[in-house]
Amino acid sequence: MSAIDKALIPEALFPTIDALCATAVKLSAVIARGPLGQSLGAGVGENSDGDQQKALDVMADEMFEAALRPAGVKHYASEEQETVLVLDEAGAYALAIDPLDGSSNIDVNVTIGTIFSVFEAEEEAEASFLRPASEQIAAGYIAYGPQTLMAVTFGTGTHLYVLDPETGAFELATGQMDLPVAAKEFSINASNRRHWTLPVRAYVEECEAGVEGAKGKNMNFRWVGSLVAETHRILTRGGTFLYPSDARKGYEKGRLRMVYEVAPMAFLVEQAGGKATDGKTPILELQAGALHERCPLVFGSAEEVDRIAELHG
Ligand code: AHG
Ligand code: MN
Ligand code: MN
Ligand code: MN
């Protein structure tokens, strides 16, 4: 039995997407049991980007790797793996994955997720991923929240599927997600204010000036600390997200990783009518120089992303 309604999924990619969804159904059940099962938030090590690895980070990575090996994937790049793994020499695809995004939220029952990006596989492993983000053939996220849902794009719009607990499969809920042009909310880790560049500070102050300010409208502040949760809110009701470069050592390119966080979210957002830049340049025009390279990320309602680019001069 398939884990997802075939609607809108290209036939050649169906086995890969089905394997992702079947794993997500299992992961959703593990996450829903929380402390009734093994400790999911326990620290178990450090990954190659210096993140503290939680038990669920590693468990999710192992589950997705095993499920994707027989599902058409030649090259597997993961936040939790230092290098690219070769899963099936005969596979047609290269898949990059953030197996568990928002790990700091595991123990507090806040929405966490999985992010993935798919390219046609190249001969050489790293070459499959170190290429223009515009060459992605698919991208998506799964959110483990009140609903377990998947937003996915194959280049002809962003589609929304929701896991139906009664059938145990993802059903198509929205054929085309449409990111609102106007924003009423902005998202940034405000604890980093003292490290921001002047254009970022100027934009946030415009948002904070509210009705009395240049925007002439109130902008609510939201920060979940889970990129998947922020992205789903913005795809659904508009808004702006910023994880910019800042003055901290190691944050010259922000906190988010190009290959398995920034590029897939940019593809999804643009396919829904929004915009995604590094503050100025469209993400889809950029490429990573290394597997875990970071990239500053600004995305959301088109008029806000344009304003931020204008402030960057
Ligand atoms: P991950 O849990 O996969 O390492 O990703 C965490 C990312 C992203 O989910 C979130 O937007 C951001 O880190 C939160 O950054 P802060 O640690 O600055 O809150
Ligand atoms: Mn991490
Ligand atoms: Mn992440
Ligand atoms: Mn992660």
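Author: Helices (H or I, at least four residues) and strands (E, at least two) are DSSP runs numbered from the N terminus. By that naming, N192 sits in the loop between β11 (185–187) and α3; more on this residue below. Residues count from 1 along each chain as its sequence is written, chains are lettered from A and ligands numbered from 1 in the order in which they are written, and side-chain values use heavy atoms, with hydrogens and water left out. The model is predicted, so local features need pLDDT of at least 70 and side-chain atom pairs count only at pLDDT 80 or more, while totals for chains, interfaces and linings use all residues.

Start with the ions. Donors are N, O and S atoms within 2.8 Å of the metal (3.2 Å for Na, K and Ca), and because water is not among the atoms, sites may look incomplete. D51, through OD, and E79, through OE, coordinate the manganese ion (ligand 2) at 2.1 Å. D51 belongs to the loop between β1 (43–46) and β2 (52–54), and E79 to the loop between β3 (73–78) and β4 (85–86), so this pair ties together parts that are 28 residues apart in sequence. Both residues are buried (under 20% relative accessible area with a 1.4 Å probe, protein chains only; over 50% is exposed, in between is partly exposed). The relative accessible area of D51 is 13%, and the relative accessibility of E79 is 3%. A further manganese ion (ligand 3) is 5.4 Å from the manganese ion (ligand 2).

The manganese ion (ligand 4) has E79 (OE), D98 (OD) and L100 (O) as donors, at 2.0 to 2.3 Å. Along the chain these donors have the spacing E-x18-D-x1-L. E79 coordinates both this ion and the manganese ion (ligand 2), and 3.6 Å separate the two. With E79 in the loop between β3 and β4 and L100 in strand β5 (residues 93–101), the pair ties together parts that are 21 residues apart in sequence. L100 is buried, at a relative accessible area of 1%.

D101 is part of strand β5 and is buried, with a relative accessible area of 4%. Beyond its neighbours within four places in sequence, the contacts of D101 (heavy atoms within 4.5 Å) are I112, G113, I115, S226, L227, V228 and E261. Its side chain also reaches the backbone nitrogen of L227 at 3.0 Å. Such a polar contact is a pair of N or O atoms within 3.5 Å; within protein, one must be able to donate a hydrogen and the other to accept it, and residues adjacent in sequence count only if both atoms are side-chain atoms.

E261 comes from helix α5 (residues 258–271), and its relative accessible area of 2% makes it buried. Not counting residues up to four places away in sequence, E261 touches D98, D101, I115, L227, R255 and L256. The side chains of E261 and R257 make a polar contact at 2.7 Å.

Back to N192. This residue is buried, with a relative accessible area of 5%, and touches Y243, D246 and R248, leaving out residues up to four places away in sequence.

An open sheet of 5 strands, with mixed pairing, runs in the order β12-β11-β13-β15-β14. β12 (220–221) and β14 are at its edges with a single partner strand each, so one side of each has no neighbour in the sheet. Strands pair if DSSP finds at least two bridges between them; β14 and β15 are antiparallel and joined by 3 bridges, and A276 has F299 in β15 as its bridge partner. Helix α6 (residues 302–311) has A302, E304, V305, I308 and A309 buried. Those buried residues pack against α3 (198–209), β13 (240–243), β14 (275–277) and β15 (297–300). After α6 comes G313, with a positive phi near 70°.
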